[in-house]
Amino acid sequence: MQFDSSGLQVLSREECLRLMSSTPIGRIVFTDRALPAVQPVTFLLDGERIVIRTGIGSKLAAATRTAVVAFEVDEFDPDLRTGWSVTAVGHARAVTDPGEVARLASLPLTPWAPGSKDHFIVVETEQLSGRRITAEPASTATSLHPPAS
């Protein structure tokens, strides 16, 4: 098991992909009018590619055409102080090939937002990294943080 300089467990590519596939909501980071923008989206993995279904005239659809984007998913338990986060970086592209659109439309990707969502964006996962924080053993937590008097 590998840890980073902050003591967080570094996740393998395989574990990052497994965790990504376990949650239906992620956040895509893109540029909107020269400023960073973050938008939550429903998605699924198609191999290592991230597939997002949106409206053809959406801000997201316009902003992600052939752009480099980041994509993040996570899960945290604030009571246990545990969790994980996975970040992917890659080029986003609008899917225009009718055969690919038909194949992606058959995937179990159901948008949560209302309205027509017949436009697909695919993000090629070029960089992938993840971290996990686990609960500290009681003896370590006690020795690092003695009780207040």
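Two strands are said to pair here if DSSP finds at least two bridges between them, and the strands themselves (E, at least two residues) are DSSP runs numbered from the N terminus, as are helices (H or I, at least four residues). The structure is a predicted model, in which local features need pLDDT of at least 70 and side-chain atom pairs count only at pLDDT 80 or more, while totals for chains, interfaces and linings use all residues. Residues are numbered from 1 along each chain as its sequence is written, and side-chain values use heavy atoms, with hydrogens and water left out.

The loops come next. Most residues other than glycine have a negative phi. R81, although not a glycine, has a positive phi of about 60°, and this residue lies in the loop between strand 6 (68–77) and strand 7 (82–94), a hairpin with four residues between the strands. R81 is exposed, with a relative accessible area of 67%, where exposed means over 50%, buried under 20% and partly exposed in between (1.4 Å probe, protein chains only). R33, likewise not a glycine, has a positive phi of about 50° and is placed in the loop between strand 3 (25–32) and strand 4 (35–46). R33 counts as exposed because its relative accessibility is 70%.

When residues up to four places away in sequence are not counted, E48 touches R13, L17, V123 and T125, a contact being defined by heavy atoms within 4.5 Å.

Strand 5 itself contains R53. A polar atom of the R53 side chain lies 2.7 Å from the backbone oxygen of K117. K117 is also one of the residues that R53 touches, not counting those up to four places away in sequence, and the others are T42, A105, L109, P111, D118, H119 and F120.

Terms used:
A polar contact is a pair of N or O atoms within 3.5 Å; within protein, one must be able to donate a hydrogen and the other to accept it, and residues adjacent in sequence count only if both atoms are side-chain atoms.
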